[in-house]
Amino acid sequence: MLVSAKEMLTKAKAGKYAVGQFNINNLEWTKSILLTAQELNSPVILGVSEGAGKYMTGYKTVVGMVNGMLEELNITVPVALHLDHGSYEGCLKCVEAGFSSIMFDGSHYPIDENIEKTKELVKIANEKGMSIEAEVGSIGGEEDGVIGKGECADPNECKSIADLGVTMLAAGIGNIHGKYPDNWEGLSFETLDAIQKLTGDMPLVLHGGTGIPEDMIKKAISLGVAKINVNTECQLAFAEATRKYIEDKKDLEGKGFDPRKLLAPGAEAIKATVKEKMELFGSVGKA
Ligand code: 13P
């Protein structure tokens with residue numbers, strides 16, 4: 001059964017480790033992540049962006065697939081199904097469809113509007129026993145070939161949003177989605193420290209987990225990060241393994257064209273990436 005992310009993140013914050021959110025794109029992704037979490041006895045959060053939800057034909061399909069797998073694969077570790085960077089309407093759809101967690105990304109609204117909308121969604125999430133993530137300070141990333149610099153959130157604004165009763169809070173600290181540019185200045189631990197001092201026990205979320213050096217991940221966890229989002233790194237691992245399979249002409253040997261064979265190396269590569277991250281984040285054995 002899907003669970004809210006509240007309990008796993010409260011434990012992670014207290015135990016000074018982080019739970020990984022791994023974004024899913026299809027059946028192979030979901031299966032690889034769930035099997036790895038079970039094997040390592042780790043809690044896990046499956047992230048679904050609005051685009052990925054649409055790709056998988058809608059949130060109800062995603063809920064059906066994930067619930068089916070939890071049962072058929074005998075998954076007993078805590079699993080949350082979470083909307084990633086949701087709009088207000090997207091959040092309502094996921095509540096309806098049976099997700100166990102939502103993120104409302106109101107970071108592009110003026111702070112008062114972000115507060116207003118987050119407040120309404122907190123009430124709805126609470127009524128349903130779901131966890132809810134909010135965001136302050138937009139997290140940069142590549143858009144039309146231009147890599148935006150990660151913004152640093154205002155700690156006082158973080159406090160205002162945290163006080164609304166959200167479960168976890170994403171705050172920009174110089175992190176960005178996708179690959180980091182060579183001249184990236186790194187995470188702003190000063191900002192993170194100030195945010196954690198004002199928000200206390202609130203589990204903080206680090207987006208853009210791909211490509212952040214290990215020492216920075218560990219320091220971020222020591223300063224209150226309890227959830228780390230990883231997406232691009234699984235995509236890169238999947239693409240590289242699949243490319244190798246085709247370049248080695250394995251699809252031309254026997255029934256190598258069978259999708260169950262063709263997608264297998266990519267699925268294994270996702271498992272290896274998830275395992276590496278769970279070990280780094282410290283969530284192994286914490287289910
Ligand atoms: P990356 O794609 O950089 O790993 O970021 C993932 C993320 O933050 C999803 O919200």
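Visitor: Is N183 buried or exposed, and why?
Guide: This is a predicted model, so keep that in mind throughout. N183 is exposed, because 7 other C-beta atoms lie within 10 Å of its own, and a residue counts as exposed at 12 or fewer.

Visitor: Where is N183 found?
Guide: N183 sits in the loop between β9 (176-177) and α8.

Visitor: And how far apart are N183 and P155?
Guide: In sequence they are 28 residues apart, and in space N183 and P155 are 25 Å apart, C-alpha to C-alpha.

Visitor: What about L263, where is its place?
Guide: L263 is also a loop residue, placed between α11 (259-262) and α12. L263 is partly exposed because 17 other C-beta atoms lie within 10 Å, which falls between the limits of 12 for exposed and 20 for buried. From L263 to S42 there are 221 residues in sequence and 25 Å in space, C-alpha to C-alpha.

Visitor: Switching to helices: at what angle do α7 and α8 pack?
Guide: About 35 degrees, with the axes of helix α7 (residues 155-162) and helix α8 (residues 189-199) 9 Å apart. The crossing of these two, α7 and α8, is right-handed.

Visitor: Which residues of α7 and α8 meet there?
Guide: On the α7 side you have P155, C158, K159 and A162, and they meet T191, A194, I195, L198 and T199 of α8. By class, that contact has six nonpolar, two polar and one charged residues.

Visitor: Now the largest nonpolar core. Which residues touch the most other members?
Guide: The core has 72 residues, and those touching the most other members are A18, I33, L46, I102, L169, A171 and V225. Helix α12 (residues 264-281) gives the largest share of this core, with five residues. As general background, nonpolar side chains tend to be buried together in soluble globular proteins.

Visitor: What is V225 in contact with?
Guide: Leaving aside neighbours within four places in sequence, V225 contacts A18, L204, L206 and A220.

Visitor: Last topic, the ligand. How many residues surround it, and which are closest?
Guide: The ligand is surrounded by 15 residues, with H207, T210, N229, N231 and T232 the closest. At least two residues of the shell come from each of β3 (79-86), β11 (225-230) and α10 (232-247).

Visitor: And how does the shell around the ligand split by class?
Guide: Twelve of its residues are polar, two are charged and one is nonpolar.

Terms used
Residues numbered from 1 in each chain as written. Predicted model: local features only at pLDDT ≥ 70, side-chain atom pairs only at ≥ 80, totals over all residues. Near = placed C-beta within 6 Å. Helix = DSSP H or I, 4+ residues; strand = E, 2+ residues; numbered from the N terminus. Nonpolar A, V, L, I, M, F, W, Y, C, P; charged D, E, K, R; others polar. Core = buried A, V, L, I, M, F, W, Y, C linked by C-beta atoms within 7 Å. Contact = placed C-beta atoms within 7 Å. Axes fitted to C-alpha atoms, helices over the stretch in contact; angles between N-to-C directions. Left-handed = near helix turned anticlockwise from the far one by under 90°.
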